[in-house]
Structures are given as C-alpha cells and as structure tokens.
2 protein chains.
Amino acid sequence: MTEGGGFLIGIDVGGTKIAGVAVDAGSGQLRAERRQPLDGAPLERQVAAVARDLIETLGDGRAAAIGIAVPGLVDAGTGIMRLAVNVDAGELAIGPLVADALGVPCFVEHDARAAALWLVDRDGAEGSLAYLSVGTGISAAVVIGGRLVRGVSGLAGEIGHTHASDDGPACPCGLRGCLEIMAAGPAVARMATEGLARGEVSSLAPGASPEEVYAAAADGDVLGTAIAEGVGVQLARAIRTIVLLYGVDRVVIGGGMSRAGAPFLRPILDELDREKAASPLIAHAFTPNRVELLPPESNPGPWGAIVVARSGLGGAAAAPEREVADE
Amino acid sequence: MTEGGGFLIGIDVGGTKIAGVAVDAGSGQLRAERRQPLDGAPLERQVAAVARDLIETLGDGRAAAIGIAVPGLVDAGTGIMRLAVNVDAGELAIGPLVADALGVPCFVEHDARAAALWLVDRDGAEGSLAYLSVGTGISAAVVIGGRLVRGVSGLAGEIGHTHASDDGPACPCGLRGCLEIMAAGPAVARMATEGLARGEVSSLAPGASPEEVYAAAADGDVLGTAIAEGVGVQLARAIRTIVLLYGVDRVVIGGGMSRAGAPFLRPILDELDREKAASPLIAHAFTPNRVELLPPESNPGPWGAIVVARSGLGGAAAAPEREVADE
C-alpha cells in the first residue's frame with residue numbers, strides 16, 4: 001500500500017486533545033487516525049507518543065515526515081513555538097524534540113496557517129484566501145497567490161488582539177477590548193452569564209456553553225439571539241479588516257464556534273450586507289467575495305499538518321532535519 | 001548626460017497639486033522637476049501636460065517610461081483608477097490615456113504603494129515594511145520580502161475604512177466610526193471646531209487647520225494636546241493592527257499630517273509604549289520593530305512614481321504598452 005517514500009504524519013494539538021492522521025506520501029490516502037485527550041505530560045512527549053503509535057500501527061513503511069499544527073506562535077524555520085497570550089511562559093522546541101525522539105523530520109506550523117494551507121492545497125495551489133479561526137481564541141491565516149503570509153515576526157494574522165471596543169473588558173493578553181475578549185468562545189459564555197445575572201429572560205442556564213448559546217439563538221431565545229448578533233457585528237468588522245488589509249476575495253471561517261453553523265454565520269453575513277448597502281467602497285471590496293463556513297465535517301487540523309509535512313519535505317523548513325542529522 | 005535608455009518620469013497626483021520629476025534611467029540622477037496646482041481640466045490631460053513639459057524641457061533623450069502615483073484604487077495591470085471613497089464615480093483609464101497622448105509606456109500605482117516601493121528600493125530590495133499615509137485620508141501599503149501586497153481586489157491596505165470607534169461620526173464612505181473619520185486631517189480640524197464650540201479654552205481659532213492644531217499642541221494648548229493624544233491612540237491601534245496582521249517589523253508614517261513632526265508622532269509612540277507595557281504579546285510583536293516618521297524633506301510621491309516606472313519596464317505591468325502599440 002505504501003507509495004513514493006512511505007507515509008506522512010499530521011498531528012494537530014488542540015486546546016483539549018491531540019488528533020493525528022497518517023497518509024500515504026504518494027497518494028495522500030488515509031492510513032490511520034488517532035485522537036486522545038491532552039494530559040499533564042510535557043506536550044512534546046504527548047505529540048511524539050501519538051506519532052509513534054501511528055508509525056508502529058502502520059509498520060509497513062517509513063514515516064517520511066511529521067507535520068505538527070499548534071495553537072501558538074511558531075518559528076516555522078526552527079520548529080520552536082510559544083503560546084500566543086502567554087509569550088512569557090517561554091519557548092518549546094517542539095519540532096526538534098519530536099524529530100529527535102522519533103528520528104523523523106518534523107515541521108511545525110500555527111494551526112490556523114496549517115488549515116489555510118490545507119484549504120488552498122485542496123482548492124488549487126495559486127489561490128488566495130483568509131482563514132479565520134474562531135474558537136477559544138481568534139486568529140487568521142492568509143495565503144496570497146499560494147504563499148502564506150508569515151510576517152517578519154512570525155505573528156502575521158494575530159487579529160484576535162486588535163482593538164474591537166472602547167468599552168470592552170480586560171483581555172488575558174493585557175490590553176482591553178480586544179476582538180478575542182469580545183467575540184471568542186469565552187466571551188459568548190461570559191455574555192450569557194452576565195445577561196442572566198441582569199435578570200434577562202432566557203431558556204439558558206448559568207454557565208451555558210457557546211454551543212448552548214447558539215442552540216438557544218436558533219430556537220429564538222432573546223438573550224441567545226442578542227449575543228449571536230453582537231458577536232456577528234464584531235466578526236463582520238474583523239472580516240472587513242481582513243478584506244481591506246489583505247485584499248483577499250475569500251474568507252473561510254472555522255474553529256470551534258463555527259460548528260454552530262447558521263446561527264453563527266447568519267449574523268455575520270447580515271452585518272456585512274448592512275455594510276455593503278451603506279458603503280460603495282465596502283461593496284466594491286467584497287465583489288467578488290465569498291464569506292463561508294468551513295464545512296463542520298472537515299478536519300483541517302491534522303490534514304493541514306499533513307500539508308505542512310509535505311511542504312517541509314519540499315524545502316520550506318530545514319532546521320528539524322538538521323536536528324535529526326545530529327543524532 | 002542621458003544613460004541607458006533615456007529618462008524616466010515620475011508624476012504624483014495629490015489632493016491639490018501635481019508634482020513631477022525626470023531622472024536618468026541609468027543613474028537615477030534628477031534631471032528636472034515640476035509642481036503645479038490641480039485645475040478643473042480632466043486629470044489625464046493635466047498629468048500628460050506635466051509629463052510633456054518635462055519631456056520637452058529635457059529634449060536630449062527619450063522618455064523610457066512614465067510612472068503615475070494616484071490617490072485612489074488602481075488596477076496596476078490596466079492602469080485604470082477610481083477614487084477610494086467614491087467608487088461609484090466611475091473609472092478613469094489614466095494609464096492608457098496618458099500613454100496614448102505621449103506615446104510613452106505608462107504605469108500607474110496607488111500613491112501609498114508607490115511610496116512604500118520607494119522606501120524599500122532605497123533601503124534594500126528584500127525588505128519588509130508598512131507605509132502608513134495619514135493626510136486627508138488614511139491608507140497603508142505593505143511590502144513583504146520585496147513584494148507589494150496588492151490583494152486580489154487591488155484594495156489591500158485600505159485601513160482608513162476599518163472600524164475604529166463605536167461612537168464615531170458618519171464617514172463619507174457610508175459607514176460610521178471608520179479610522180479615517182476619527183484620525184485623518186479633516187477629523188483633526190473637526191475636533192478643534194467642536195472643542196471650541198463646547199467652549200474649551202484654547203489659543204486655536206474656529207476653522208483651525210490640522211497644522212495649526214499640532215502647532216498649538218506643541219505649545220501646550222490643552223485642546224490641541226487632547227486632540228493630538230486622541231489621534232495618537234487611534235493611530236497606535238491602527239499600527240497595532242498593521243503589525244499583528246502583516247507581521248512587519250517596520251512602519252513608516254508619511255502623508256500631510258506626519259509633517260507636524262514630534263507633536264504628531266509622540267502621542268502615537270506613547271500609546272504604543274503603554275500597550276507594550278500592558279501586554280507581553282504586543283511587546284513581542286513589536287520586537288524588533290521600528291515606528292518612524294518619513295523625513296519631512298523626503299518626496300515619496302514622484303520618486304515612488306519613478307520606481308513604479310522602472311518596475312513597469314521590468315515587466316510588472318503590461319497593458320499600457322499595448323495601448324501605445326495600438327496607436
């Protein structure tokens with residue numbers, strides 16, 4: 001079954017779990033999948049364990065490369081990551097450490113960028129698009145003409161910490177009124193709790209999750225609908241910023257919040273329609289422009305990591321290979 | 001005197017005037033300069049007249065190409081422009097029209113992008129930077145690894161119409177609270193008039209210009225200082241957005257407002273320092289990062305247009321040459 005140089009492994013590190021896939025390097029065909037909750041062990045060991053399990057399960061070929069998608073700042077050249085809102089917590093050389101542990105070249109990328117690379121890879125390599133991930137945090141990844149915008153700082157796309165509201169609460173990043181504290185998952189849960197504390201009539205219970213808030217909005221709950229509409233306005237403005245700054249003609253929204261589907265997307269599109277009706281400039285910027293949800297059944301994390309692994313073998317990142325050669 | 005294929009002409013179309021330079025194509029040495037106020041004639045005729053005047057003055061060589069920097073949306077491939085906040089006013093095929101009138105290849109670019117190209121050309125072609133133009137309007141141009149970010153829409157960098165304030169006034173673009181209506185030249189003049197109408201004590205007179213407001217701020221005028229600080233907060237947030245989205249490590253601020261110098265720049269840097277002190281993420285994003293003013297004596301419009309002309313001859317834009325061949 002193995003073709004063209006063995007198989008590729010893609011590992012996605014989420015907020016609560018690790019998901020991994022192994023595919024044939026030549027055909028891209030899925031060979032094996034793993035999914036396991038994060039535990040307290042060092043992250044590089046958990047990632048290496050999932051990758052090793054996939055390698056041992058296949059047994060009939062060589063792992064040509066491992067791609068790792070992580071929810072943090074990444075230096076793709078060195079495979080070093082740090083957490084976005086906690087940059088003082090120090091660095092983790094996850095790429096070199098996993099490469100050393102398994103003797104396989106290892107390439108690391110920010111999870112939103114890995115997802116954007118996967119979307120472009122799937123739809124045609126010369127494409128341009130922005131992928132906006134809305135979950136526990138908010139970040140964007142942009143591909144222009146088939147090339148990822150990384151920026152000199154490696155921070156390109158960190159839209160979650162742009163200014164969204166003068167009256168917004170304190171953000172864990174240290175600023176106030178950031179987009180993320182106004183519109184990500186924890187903000188939805190907080191607004192529900194605050195609304196209930198103000199005595200607003202709602203079917204929601206204290207401690208409702210974002211999923212429950214959107215389900216309530218879909219059922220016509222007044223508080224849930226108001227929260228969904230407020231988040232929609234914030235995310236529509238963020239998409240306006242993305243489209244005006246990068247000039248992309250396609251924005252794909254993914255991340256945990258996007259799985260709520262229509263009750264999540266509809267308020268965003270409604271606000272964009274209001275902006276387009278009010279402003280010929282915005283109408284022009286969004287023509288042609290598609291704003292769409294990532295289909296809920298897609299799994300861009302590990303599949304994006306596969307694209308990262310394949311791109312890495314093509315020469316986009318070299319340092320982890322050097323680490324392997326040092327063994 | 002003429003070397004290597006004659007001379008290049010750079011024309012900058014401003015809000016009130018046209019400025020043009022002619023340089024040796026080989027050495028880049030300045031040969032002649034023109035500056036004249038805009039009148040009511042069709043814009044392409046005024047641009048062609050300035051270019052023709054420069055060509056006739058030199059007389060001893062061939063104009064190899066004309067670059068035109070314009071304050072509007074540009075399709076660099078076709079040389080067609082439209083006004084940013086007035087996109088319904090229709091298109092002007094300024095590149096083909098000037099090329100036809102003079103029989104010289106003509107290349108057109110957004111003025112902020114032309115300035116960014118000039119800065120990168122001057123400082124090293126592989127550089128990355130954002131140029132933020134703050135004058136009658138606000139727009140940005142970004143070069144990453146020596147390549148201009150244009151976007152599919154041609155609109156990349158239109159930060160002036162991103163959302164800045166929930167309480168902001170109506171913007172001529174049709175939206176409310178845009179950065180431009182909060183922080184560009186007309187906003188400074190409006191805030192001075194409003195402050196005086198509220199009875200605030202100030203040395204400023206009704207109808208004060210942005211230059212007068214910044215001069216008053218430099219003299220310690222309370223109203224002038226408050227306006228400069230408010231604009232500084234807005235522009236610091238815009239620079240944060242630019243640095244987070246594009247990941248650039250250098251932001252150069254130009255445009256008419258920047259000529260106020262320290263009273264304009266200081267409040268921007270002060271707010272960025274407050275953000276960096278509050279947020280390790282922002283400190284990380286701005287390390288290393290230089291935020292600086294374009295030196296007031298520099299003249300990026302016509303010199304940027306020269307870079308556009310030279311790049312155009314190198315193959316970056318072709319359509320106006322076809323127009324010439326049609327003659």
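Guide: Welcome! In chain A, residues 24 or more positions apart account for 60% of the contacts with a separation of 6 or more. Please keep in mind that this is a predicted model.

Visitor: Thanks! How many helices and strands does chain A have?

Guide: Chain A has eleven helices and twelve strands. Its radius of gyration is 20 Å, close to the 20 Å that the globule rule gives for 327 residues, so chain A is as compact as a globular protein of that length. Along the principal axes, the C-alpha atoms of chain A fill a box of roughly 60 × 45 × 40 Å.

Visitor: What share of the residues in chain A is buried?

Guide: Of the 327 residues in chain A, 57% are buried. Here a residue counts as buried if 20 or more other C-beta atoms lie within 10 Å of its own.

Visitor: Which stretches make up the domains of chain A?

Guide: The domain assignment gives domain 1 as 7–112 + 299–325, and domain 2 as 116–293. The C-alpha centres of domain 1 and domain 2 of chain A lie 27 Å apart. Their contact takes 15 residues from domain 1 of chain A and 19 residues from domain 2 of chain A.

Visitor: Which elements give two or more residues to the side of domain 1 of chain A that touches domain 2 of chain A?

Guide: Look for β5 (72–75) and α10 (300–316) of chain A. With six residues, α10(A) gives the most to that side of domain 1. By class, this side has ten nonpolar, four polar and one charged residues.

Visitor: Now the sheets. How should I read strand pairing?

Guide: Strands of a sheet pair through backbone hydrogen bonds, and they do so either parallel or antiparallel. In chain A, five strands form an open sheet with mixed pairing, in the order β3-β2-β1-β4-β7. The edge strands are β3 (30–37) and β7 (106–110) of chain A, each pairing on one side only. On average, neighbouring strands of this sheet are turned by 15° against each other, direction ignored.

Visitor: How many bridges join β4 to β7 in chain A?

Guide: Five bridges join β4 (residues 63–70) to β7(A), and these two strands run parallel. To find the place by eye, go to A:Val70, which stands opposite A:His110 in β7(A).

Visitor: Which helix lies across β4 and β7 of chain A?

Guide: That is α2 (residues 94–102) of chain A, running at about 150° to β7(A).

Visitor: Let's turn to the other chain. How many residues does each chain give to the contact between chain A and chain B?

Guide: Chain A gives 42 residues and chain B gives 42 residues. On the side of chain A that touches chain B, the elements giving two or more residues are α7 (222–246), α8 (262–278) and α9 (280–285) of chain A. Of these, α7(A) gives the most, with six residues. The residues on that side of chain A divide into 20 nonpolar, 14 polar and eight charged.

Methods:
Residues numbered from 1 in each chain as written. Chains lettered and ligands numbered in written order. Predicted model: local features only at pLDDT ≥ 70, side-chain atom pairs only at ≥ 80, totals over all residues. Domains from an automatic or database assignment. Contact = placed C-beta atoms within 7 Å. Helix = DSSP H or I, 4+ residues; strand = E, 2+ residues; numbered from the N terminus. Nonpolar A, V, L, I, M, F, W, Y, C, P; charged D, E, K, R; others polar. Pairing = 2+ DSSP bridges. Axes fitted to C-alpha atoms, helices over the stretch in contact; angles between N-to-C directions. Rg over C-alpha atoms; globule rule 2.2 N^0.38 Å. Buried ≥ 20, exposed ≤ 12 C-beta atoms within 10 Å, placed from the backbone.
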